[in-house]
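Visitor: Could you walk me through this structure, please? I would like to ask about particular places as we go.

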Amino acid sequence: MKRAAVPAFALSVLYGCAWHQQSALNPGGPQAAKIDTLWWSFFWLLGVIFIIVMTVLLLTLTGRRANMEREALEVTHKASPQTESQTRRIVTGATIITILILFVLIVASVGTGKAIADLGFKKNPLTIQVTGNQWWWEIQYINGDASQTLVTANEMHIPVGRPVQILGQSQDVIHSFWVPNLHGKRDLIPSRTTNEWIEADQPGAYRGQCAEFCGLQHAHMALWVIAEPEDRFDAWMRAQLQPAASPSTQETIRGQQVFLNNACVFCHQIRGTTAGGQNAPDLTHFGSRRGIAANTVPNTKGNLAGWIVDPQSMKPGNHMATIAVNSTDLQPLVDYLESLK
Amino acid sequence: MTATQDFTPQIPNQAEEVEQLHRSWRHPRGVLGWLSYTTHQAIGTRYIITAFIMLLTGGAEALLMRTQLARPNNGFLSPDRYNEIFTTHGTTMMFLFAVPMMEGMAIYLVPLMCGTRNVAFPRLNAFGYWMFLFGVLFLYWGVFTNAAPDVGWFAYPPLSGPQFTPGKRTDYWAQMITFTEVSALCVATEIIATIFKMRAPGMSLNRMPLYVWSLLIQSFMVIFAMPAVVIASSYLLSDRTVATQFVNPAEGGDPILYQHVFWFFGHPEVYIIFIPALGFVSAIVVAHARREIFGYTAMVLAQIANGFIAFGLWVHHMFATGLPQIGEAYFTASSMMIAITSGVQIFCWLATLWTGRPRLTTALHFIYGFLVIFVVGGLTGVVLASVPLDWQVHDTYFVVAHFHYVLIGGALFPLFGAFYHWFPKITGRMMDEKIGRLNFWVLFIGFNLTFFPMHIQGLMGMPRRVYTYPAEMGWGPLNFIETIGAYIIGIGGILFIANVVSSHRSGRIAGNNPWDADSLEWATASPPENYNFEYLPVATSRYPLWVDRSERAFVTGLRNDRREALVTTLMDAEPHHRYVFPASSIWPFITAIAVTIGFAGSVFNPWYIVWGSVLSGLALVGWFWPRGDSEAES
Amino acid sequence: MRIAASAIIITLLGLTGCQREKRDIRPSPADLAIYGDAAKESTLRPGGPVTPQPVVNNPYNASSYDISEGQRLFNWYNCSGCHANGGGGIGPPLIKKEWTYGGEPANIFDTIVKGRPNGMPSWGGRIPAYQIWQIVAYVRSMNGEQPTSATPTRADTIQTNPQNLVNRVSGQTK
């Protein structure tokens, strides 16, 4: 498997890909690292077993061990008692070895599970509530102080080296929170709260994606987890807690008016304005995010304009209303939204 | 070559008795007659052909999906269409191909292998087939009227509930389950009764062929597993059609309960499909390695253990929902235990092949292919049993790779082996070995090209059930390779069909026992007459056709002017009494139509359950109406 | 042969289900229009003379997908704030026989677009026509004026916070 894996990975790299940003085998934190170690120990052990079994399989085609006699099976259809007892010893031995290996694997697996569970209970954790929606993520930083509670969407920033508790919830159907570089999956189930601890030990951008089939746009429900040093995280948090910047140019002032006079406000919130919809991602600092439409496409002015004009061609079936925006209104609207850094 | 001789004894008025047998087992004529067949060969063949058409349909759906996924951001299929197709693919393959195909083979082979004339309840058997066929037509009626289910073959609520999946799509799916359930339970009942009570005299339990053992275990699993899925689909269907709240989280219903009930069926379902396939492997290995199976007792015990353990590991489909640690440890251990029992069987086959004289026929090619692929699938199954690893690979393409390795490798390759092995028995002609080998290699290469890269893809983070993926994720090249592989598998399928068609027309005449095989189905003509055996055979050994001809025995004294067979005791198969099979009857068909009216209509209006029950009751009156003593009623 | 023939017959029968299962994900440009206050003036008046009206059909009539979209929008746009789940509250009930401003699809469409005295706001100029039609389809379904095969039997009204559920349940037992 490894031998086949290496060229495949190489091939992917040649294509200039982001595979390492959403890979279970490129851990960015202790939880994923433990799973990665467990994977490779399973891989090598099971790989050896595979090779042994395949060798025996080939031997059945080519011939027997030298000291086994060859019976004239055509008549009796029976191997001699000597061959039978010899074979029985081998098969019994193989069965016992199988049981022992599985025992080792169970111990390794349960041990890893316990070690991962123990990683959670450290001091000074950050608590983030992730709510799955068809088809985007609401990210809420829980804080005892209501003024410090931040709500954002589709992009999560976490400080490096600090454990983060993910409280998973769902607004509609079952989704699954999965950022492979940091940890395995945890389902987000309506009317329940699930719990997972993640931690990043090196700065970086890790991509995650919904892993439980959740309807038409299950394929386009991604999120970024940005792990950054504590001071940069604090700066980000301070900036995000601010209400949206007031538009400063004529163009963006007009853009804000377009936004507030259209159906946008029924679903989206921009703190600091009268737009207070709760059905769709909070756009207070939209311009600072990496992607549009739960990271279906990168956040550029062109993509944004395309998204507003015809959301159903980019992400068919999503819940964003298709609104006929005047061509003269579109540019100001895009400029305004992109100015919300 | 003593073994090619059959059990036909030389007794005085033989010709006359055979003529009588012929008359009493003759099929009725005409269309109505065709609908009234109750012989196991006819019903088994119908199952096999219908299920094979479903295999082709499911395969075509797979090709559509692979075409869509061949490159990133492809627009070949809309997300709606893609979701319908992947759901229909899974549903078709699991419910309408794999299980019915295994059942069809069993219906055909078990009475022959047990040395009797029909399955225990021939009319129930016919009824089961019609229910299966109407289930197929019901689901595909939905598919062709844009009401194909689109919530996955597992249909988790709330996504599958009335609010998030409007329309009738999920109702079609849930009710199709009911059809196949009824059919599967019919088959399981009659297979168990046939195996327990109708084996040839002398075929005590410890002389039963391993294939028959596997069917016995599978049938018991069906009886214990299917009620769970009936409960799951009934939760869903009544939530959707009569506004119950079983799985509505807002009203205290529990979507996780649905998952538990579904997987309590769903996991054994996999074994229901693949345990009969293990039976094929044993039968083919014995016949083509030309020696008795190594470790018969160990094999039987391992299969029984498989059947039990299969019910204790369903939670490994739900590790990502969050479990207490002790539960995780338990289900990890139970999931890994299945590797022990499977391992024992693989070791025994390897030992049989190693100490035997394998004849490299096409059938044996498929068994070798099975061993390679299934071992990979078994090992990745061990990976999935580990909770931490499952958190990463669950619901990714790694899992897609795994279960195609165990299901195609574990069930489809042995099934193709079985087709090549038993085709001469069923049609009387040999399949072409040259095309057969080409067929094998094309399938083997295509399969690995399609599914091996999926392991890597899953570890690289590609989730399942996505209709497309962004180019920058780097999954494009592997997906493209897989699509090519899928088309190669398609070519393999065409080769197989070509081989069947040409061999059926002009293949070499097979004779009774072309493989010099050991079990009783080879003791009669190919294809067998409706009554299977002119004189019921007696099993004097575990390998009745490999004992010396002078030691063979047969049953005489049964009446031939009606459909009569011998009932034997459960353990030692000592003759107990004579049993008269019911004659052909149109009533199973009529009853199936009545039940179908109830099932299909209830999707649109719950009152149809009442009308359907009344109609079915009337049909059953016709079914059980006494017709004098020349016919016993079943 | 037999199977093929019955398949064809069954397919023809089943074509009746096509409207029900259609998922018109991308609204046609015509349905994107946003009507201003007077854009779609109707001559229907309460108590006034009945003049023949050109029949305006709801393009989403009998489509289960659009009825369920209408149900979602009914909550998202907070129609439920006044009309509850059709039973009425601040606003009048929507499950009824006698409609003050007419109960035909076109009437309900007009009511939503223009607003009505005593509190019904005008949604014209805010939300696109296709969404109004979806809401109309849903409102009509409340009165059983959509085929039952296209209407969900119940809603998944979700309490995301399990604590709410616990409170509610314990509150009932007190």
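Predicted model: local features only at pLDDT ≥ 70, side-chain atom pairs only at ≥ 80, totals over all residues.

Visitor: Where is Arg465(B) found?

Guide: Arg465(B) sits in the loop between H14 and H15 of chain B. Although it is not a glycine, Arg465(B) has a positive phi of about 60°.

Visitor: What is the phi of Ala155(B)?

Guide: The phi of Ala155(B) is positive, at about 50°, and Ala155(B) is not a glycine either. Ala155(B) belongs to the loop between H5 and H6 of chain B.

Visitor: Is Ala155(B) buried or exposed?

Guide: Ala155(B) is buried, because 25 other C-beta atoms lie within 10 Å.

Visitor: Which residues does the cis peptide bond in chain B join?

Guide: Pro157(B) and Pro158(B) are joined by a cis peptide bond, with omega about 0°. Pro158(B) lies in the loop between helix H5 (122-144) and helix H6 (169-197) of chain B.

Visitor: And which residues of chain A does a cis peptide bond join?

Guide: Gln134(A) and Trp135(A) are linked in that way, again with omega about 0°. Trp135(A) is in the loop between S1 and strand S2 (136-141) of chain A.

Visitor: What sheet do 5 strands of chain A form?

Guide: They form an open sheet with mixed pairing, in the order S3-S2-S1-S5-S8. Its edge strands are S3 (150-153) and S8 (194-198) of chain A, and each pairs on one side only. The twist from one strand to the next averages 25°.

Visitor: How do S1 and S5 of chain A pair?

Guide: Strand S1 (residues 126-133) and strand S5 (residues 164-170) of chain A are parallel and share 7 bridges. Within this pairing, Val130(A) stands opposite Gly168(A) in S5(A).

Visitor: What about the sheet of 3 strands in chain A?

Guide: That open sheet runs in the order S4-S10-S9, and its pairing is mixed. Strand S4 (155-159) and strand S9 (204-209) of chain A each have a single partner strand, so one side of each is left without a neighbour in the sheet. Neighbouring strands of this sheet are turned by 25° against each other on average, direction ignored.

Visitor: How many bridges join S9(A) to S10 of chain A?

Guide: There are 6 bridges between S9(A) and strand S10 (residues 222-228) of chain A, and the two strands run antiparallel. Gly208(A) has Leu223(A) in S10(A) as its bridge partner.

Visitor: Which helix lies across S4 and S10 of chain A?

Guide: Helix H5 (residues 230-241) of chain A does, running at about 135° to S4(A).

Visitor: Let us change topic. How many residues of chain B are in contact with chain A?

Guide: On chain B, 79 residues are in contact with 78 residues of chain A. Among the elements giving two or more residues to that side of chain B are H8, H10, H11 and helix H14 (433-459) of chain B. H10(B) provides the largest share, 17 residues.

Visitor: What does Val375(B) touch?

Guide: Residues up to four places away in sequence aside, Val375(B) touches Phe50(A), Val53(A) and Ile346(B). Val375(B) is part of helix H11 (residues 362-385) of chain B. It counts as buried because it has 21 C-beta neighbours inside 10 Å.

Visitor: How far apart are the C-alpha atoms of Val375(B) and Gly343(B)?

Guide: Those C-alpha atoms are separated by 8.9 Å, and the two residues are 32 residues apart along the chain.

Visitor: Which residues of the largest nonpolar core touch the most other members?

Guide: In this core of 311 residues, they are Val110(B), Val212(B), Ile284(B), Ile367(B) and Ile132(C). Leaving aside neighbours within four places in sequence, Val212(B) is in contact with Val110(B), Met113(B), Cys114(B) and Ile195(B).

Visitor: Why does the span of helix H9 of chain B agree with expectation?

Guide: Helix H9 (residues 296-309) of chain B has 14 residues, which at 1.5 Å a residue should span 20 Å, and its end C-alpha atoms are 20 Å apart. The buried residues of H9(B) pack against helix H7 (210-242), helix H8 (255-289) and helix H10 (325-355) of chain B.

Visitor: Finally, how many helices and strands has chain C?

Guide: Chain C has 7 helices and 0 strands. Of its 174 residues, 32% count as buried.

Note on methods: Residues numbered from 1 in each chain as written. Chains lettered and ligands numbered in written order. Helix = DSSP H or I, 4+ residues; strand = E, 2+ residues; numbered from the N terminus. Buried ≥ 20, exposed ≤ 12 C-beta atoms within 10 Å, placed from the backbone. Contact = placed C-beta atoms within 7 Å. Core = buried A, V, L, I, M, F, W, Y, C linked by C-beta atoms within 7 Å. Expected span 1.5 Å × (residues − 1). Pairing = 2+ DSSP bridges. Axes fitted to C-alpha atoms, helices over the stretch in contact; angles between N-to-C directions.
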